[in-house]
Amino acid sequence: LEIDLREVARMCPQYKNEVEPLSIIARAPLLPTSPLNCDTKQKEKTTLPSKKVVSSVKDKPVVFHTKVRSSGYTSAPSVNIFTPKLNSQKRANSVPKEKNSGLKGITKEYPLDSLAPSRPSAQVVVSNQSTPVCCIQYSGDGKLLAVGLADKSMLVYNASLSGSPAVFKGHDGAVNCVGWAQNNKWLLTASEDRSLWIWPVQGSTPALMLGPETLSKPARSAQFYYMDKFMLFSSGSEFQLHRYHLDTSRDDIQSYKKKSKSRMVGKFKMAGTQEISCLSAVNDFYSYIILTAGTNRALEVFDLNVGRSVVTVPDVHTRPVHQICQNNVGYCLYKFLTILSRSNVEAAHLNDLILSDMYFCLFLWAGDCFYTKYKMG
């Protein structure tokens with residue numbers, strides 16, 4: 001691939017004097033002014049040495065009495081304060097664990113010389129009633145599948161789609177998007193009720209909850225970012241970058257107090273659009289690039305190392321883009337910045353943002369795939 005530096009300079013004025021073009025992989029150190037260059041570790045509380053309090057009461061001699069009134073230790077307790085639970089049943093909301101025998105056909109690598117899969121292997125009914133599926137996403141290890149539904153719930157299946165799924169409920173609107181953490185221990189959900197929650201996979205209570213005071217409009221896209229150090233979500237025509245700290249420990253006396261915290265690190269606005277329809281970023285390795293698409297049919301690239309927009313590609317589709325997919329394999333993206341985007345009524349496009357060219361157009365009809373290769377001038 002030949003990269004015309006003049007073309008890159010024309011598209012990216014802020015990179016006019018830079019030798020390196022855009023890259024998904026973070027190849028340069030963080031700038032001091034970068035929003036990503038913040039302390040990701042929780043600051044330790046410094047405790048001052050406590051001063052000894054001198055008692056004003058002088059020591060008195062100990063008096064031993066011959067008779068001591070019983071405080072009730074010898075009598076049987078009237079109320080059972082604690083009763084241990086023996087042979088307790090398994091929680092209904094625990095995520096099903098997949099046996100190795102069920103993953104034999106899933107963990108095998110797909111032959112590269114074979115055609116694209118066209119036959120469905122399984123069909124699962126998520127609800128007894130007619131419930132639209134809003135979003136689905138596999139975990140990073142491919143062993144779990146999260147499904148967001150319009151009935152305000154989220155289901156987590158094992159990879160073979162067998163057994164009963166774990167059910168996560170609590171939102172007051174349809175679950176727009178779900179996202180997995182890199183360690184596959186946390187799930188992020190965003191709903192139409194302008195809420196964003198982070199759930200432990202082996203649990204039923206959210207560890208962190210953001211509401212309408214943070215989101216002005218429902219989040220169309222939300223995910224973990226920068227190897228789980230931040231969370232990224234869109235709201236209206238802007239997207240926000242939040243640093244968070246999760247703590248699931250519970251105090252029985254002050255159980256109402258949440259120890260998980262979140263604070264906004266940066267807020268970025270997409271120009272010329274009313275709403276960001278989708279957002280994409282890599283979480284499997286360190287990357288500064290954020291891809292956004294708006295209702296104005298444009299695609300905009302943000303570099304969070306410099307903290308601003310660097311590339312804008314207008315009219316990517318004839319309709320607003322609703323999904324952006326990136327290849328997370330690092331060595332393939334060292335010299336390429338390629339994305340796959342699609343809209344509801346149009347073919348999927350494979351774009352190279354460095355040269356602003358479209359290389360492949362993928363048409364889908366009734367499960368068959370047809371590839372048409374062309375290059376835009």
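Begin by selecting Leu196, Ile198 and Met231, which touch the most other members among the 18 residues of the largest nonpolar core, a nonpolar core being a set of buried Ala, Val, Leu, Ile, Met, Phe, Trp, Tyr and Cys residues joined through side-chain atoms within 4.5 Å. Buried here means under 20% relative accessible area, exposed over 50%, and partly exposed in between (1.4 Å probe, protein chains only). This is a predicted model, in which local features need pLDDT of at least 70 and side-chain atom pairs count only at pLDDT 80 or more, while totals for chains, interfaces and linings use all residues. Residues are numbered from 1 along each chain as its sequence is written, and side-chain values use heavy atoms, with hydrogens and water left out.

Then centre on Leu196, which, leaving aside its neighbours within four places in sequence, is in contact (heavy atoms within 4.5 Å) with residues including Leu188, Leu208, Leu215, Met231 and Phe233. Apart from this core lies another, of 17 residues, among them Leu36, Phe230, Phe239 and Tyr288.

Finally, turn to the cysteines: there are zero disulfides, a disulfide being a pair of cysteine sulfur atoms within 2.5 Å. Cys135 is in no disulfide, and its nearest cysteine sulfur, that of Cys134, is 6.1 Å away; Cys135 is buried, with a relative accessible area of 14%. Cys278 is likewise in no disulfide, the nearest cysteine sulfur, that of Cys325, being 9.1 Å away, and Cys278 is buried at a relative accessible area of 4%.
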